[in-house]
Amino acid sequence: MNAFINIIKDFPRYLWSGWGAIASLFLFLALWDLGNQFNGSLVLPSPQETFIALWQMLHTVEIWTDVAITVERSLWGFVISVVLGGGLGVLAGSFATASIMSRPIITVMMGVPPIAWIILALLWFGVSDGSIIFTLVVASFPIVFVGALQGTRTLEGDLNDMSNSFKTPLLMRLTDVYFPHVFSYIFPASISALGMSWKVVVMSELLASTPTGIGASLAVARSHFDSPVAMALVLIMVIFLLLIEYVFLEPIKREVEQWRN
Amino acid sequence: MAQLIIKNLYHKFGATEILADINFSLAQGKVISIVGPSGSGKTTLLHLCGNLLEIVDGEVDNSFSSQAFAFQDARLLPWQTALDNIAFGLKGGGVAKKQRHKLATKMAFKLGLNNDDLAKFPKDLSGGMRQRVAFARALVIKPELMFLDEPFSALDIGLKQELQHLLMGLVVNEKLSIFFITHDLAEAIKISDEILVLDADPGRIVKQIVLDRPRESRDEDYIFNTTRQLLQDPQIISTFELNFKKK
Ligand SMILES: Nc1ncnc2c1ncn2[C@@H]1O[C@H](COP(=O)(O)OP(=O)(O)OP(=O)(O)O)[C@@H](O)[C@H]1O
Ligand SMILES: [Mg+2]
């Protein structure tokens, strides 16, 4: 609760600190426009064309349903990854043998590119939400798993001894000693996993040729050679990621990690 | 009456013998100090006595009903504020939040910490503050027996003196017993009933000094003279290799 109030309290100051980020965004826009002037609108539509296309798009119902569907899929993939990766990671980290054995499996999972996974998923499960979510989980789960594993492996015996010396009950040891440490590993891993599932979801939608989602709209834009629309869709994805990252995750991160150096 | 009795205690890490044939006892209301060169096994002995290390060879008989530690490294929870760290033991003992914060704050003030310090995370505390937080965490649960591993090593002389007095008050008034590790001979002479000198390789008790004079009447002169006397003792000279340093 306290943490929540602190997050809200710090928010204006946090926004103010965003000026640097905004400046660099504008620089990016300028370079983008320069690219347009050199390459022409078919290759790289200008920021202006793109924003017009975006504006028009935002007035249609379809884009909102597409965004909603894509968000829903990636959230499912993300949540499953975090729950599964966190749970199994802690479990594997608790046993030396399990952590040694899981390493190669995770390396394999991370080594196979998501684009290969979606093909396999399509072969196994056909075109469905299931295939897409499966791909997201396979791509994001190892990240969280490794975080949780490392967090559990690096639990300090010294702090454990300390808490035992006070005859601390198990529940309190979990909440006060183990959890904060493991969480400090799982949290950043989850942020990476979220970014991963957001990127992979669109790719999966496109490759799976589902009729819905941002990926599907992207496929349509491609078949019509409609670069401004394609660009606008990319923009939507980026804006979403930025919003989640900076409006939602970053303030939480500041609050929960303020004890760190 | 509660006491801590150590009989024929040996300890090894791997193949290295760390402690050999340790025997002593600590009665209620008494202070025993361990002095000895760095690496002689003082911390190991403390952990064995406090049941933090498994006893392989020998006997440790501890009949105190409660005990608390101030570790050589403070061992604070980095994700909790100084206040919550001090209240850690109380929370484990089931004391309600308001009450434990009240008790922790009171104890912190006694040790010269202020409200500002209490709101900080360990990373923002000075070494001496961290040491005091760890010390407060042990004191605040009012244990019968305290294991203190160089608890004042990072403090200035003023604070050190203050906290020594605080401890001695508890020994006299509350019958607190203390297992005390220090590198400071004068400090040991000031507060102990008995000093054990531990020599290294393997750690063994080579000298046992009983201080008869009541603590209240140990003035500067007494402490100074006794320290000087000890520093001339051949056993101490060889244990700490004092001759070597003179050359
Ligand atoms: N967990 C361990 N594993 C192996 N060796 C250890 C372990 N802990 C301590 N030792 C060794 O045991 C010896 C005694 O260590 P200990 O920490 O008890 O010394 P100490 O007397 O407390 O020294 P100091 O005054 O520097 O704190 C050292 O040689 C140390 O290297
Ligand atoms: Mg030590």
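The side chains of B:Lys91 and A:Asp176 form a salt bridge with an N to O distance of 2.9 Å, a salt bridge being a side-chain nitrogen of Lys or Arg within 4 Å of a carboxyl oxygen of Asp or Glu. This pair crosses between chains, joining B:Lys91 in helix H3 of chain B (residues 88-92) to A:Asp176 in helix H9 of chain A (residues 170-208). Helices (H or I, at least four residues) and strands (E, at least two) are DSSP runs numbered from the N terminus. A:Asp176 is buried, with a relative accessible area of 6%, whereas B:Lys91 is partly exposed at 30% relative accessibility; buried means under 20% relative accessible area, exposed over 50%, and partly exposed in between (1.4 Å probe, protein chains only).

The model is predicted, so that local features need pLDDT of at least 70 and side-chain atom pairs count only at pLDDT 80 or more, while totals for chains, interfaces and linings use all residues. Residues are numbered from 1 along each chain as its sequence is written, chains are lettered from A and ligands numbered from 1 in the order in which they are written, and side-chain values use heavy atoms, with hydrogens and water left out.

Over all chains, a search of the whole structure finds 11 salt bridges. Side chains of opposite charge can pair when their charged atoms come close. In chain B, B:Lys207 forms a salt bridge with B:Asp233, with 2.9 Å between the closest N and O atoms. B:Lys207 lies in strand S9 of chain B (residues 204-210) and B:Asp233 in the loop between helix H9 (220-231) and helix H10 (234-239) of chain B, so the pair ties together parts that are 26 residues apart in sequence. B:Lys207 counts as partly exposed at 23% relative accessibility, and B:Asp233 counts as buried at 17%. A salt bridge also links B:Asp73 to B:Arg75, the closest N and O atoms being 3.4 Å apart. Of these two residues, B:Asp73 is partly exposed, with a relative accessible area of 36%, and B:Arg75 is buried at 11% relative accessibility. In chain A, a network of salt bridges links A:Arg73, A:Asp129 and A:Glu205.

Chain A contains 11 helices and 0 strands. Its C-alpha trace spans about 70 × 50 × 35 Å along the principal axes. Of its 261 residues, 41% count as buried. Contacts are defined by heavy atoms within 4.5 Å. Among contacts in chain A between residues at least 6 apart in sequence, 75% join residues at least 24 apart.

Two helix pairs of chain A are described here. The axes of helix H5 (residues 96-111) and helix H7 (residues 129-153) of chain A come within 10 Å and cross at roughly 155 degrees. Axes are lines fitted to C-alpha atoms, for helices over the stretch in contact, and angles run from 0 to 180 degrees between N-to-C directions. H5(A) and H7(A) are therefore roughly antiparallel to each other; angles under 35 degrees count as roughly parallel, over 145 as roughly antiparallel, 65 to 115 as roughly perpendicular and the rest as oblique. The crossing of H5(A) over H7(A) is left-handed, a crossing being left-handed if the near helix is turned anticlockwise from the far one by less than a right angle, and right-handed if clockwise. Residues of H5(A), including A:Ala96, A:Ser99, A:Arg103 and A:Ile106, meet residues of H7(A), among them A:Val138, A:Phe141, A:Leu149 and A:Arg153. The residues of this contact divide into 11 nonpolar, 3 polar and 2 charged. Ala, Val, Leu, Ile, Met, Phe, Trp, Tyr, Cys and Pro count as nonpolar, Asp, Glu, Lys and Arg as charged, and the others, Gly among them, as polar.

For helix H8 (residues 157-165) of chain A and H9(A), the axes come within 11 Å and cross at roughly 150 degrees. H8(A) and H9(A) are therefore roughly antiparallel to each other, and H8(A) passes H9(A) in a right-handed crossing. A:Leu159, A:Asn160, A:Ser163 and A:Asn164 in H8(A) meet A:Arg173, A:Val177 and A:Tyr178 in H9(A). This contact of H8(A) with H9(A) comprises 3 nonpolar, 3 polar and 1 charged residues.

In chain B, B:Asn115 belongs to helix H5 (residues 115-118) and is exposed, with a relative accessible area of 51%. Not counting residues up to four places away in sequence, B:Asn115 touches B:Thr105 and B:Phe109. The C-alpha atoms of B:Asn115 and B:Ala82 are separated by 9.7 Å, the two residues being 33 residues apart along the chain.
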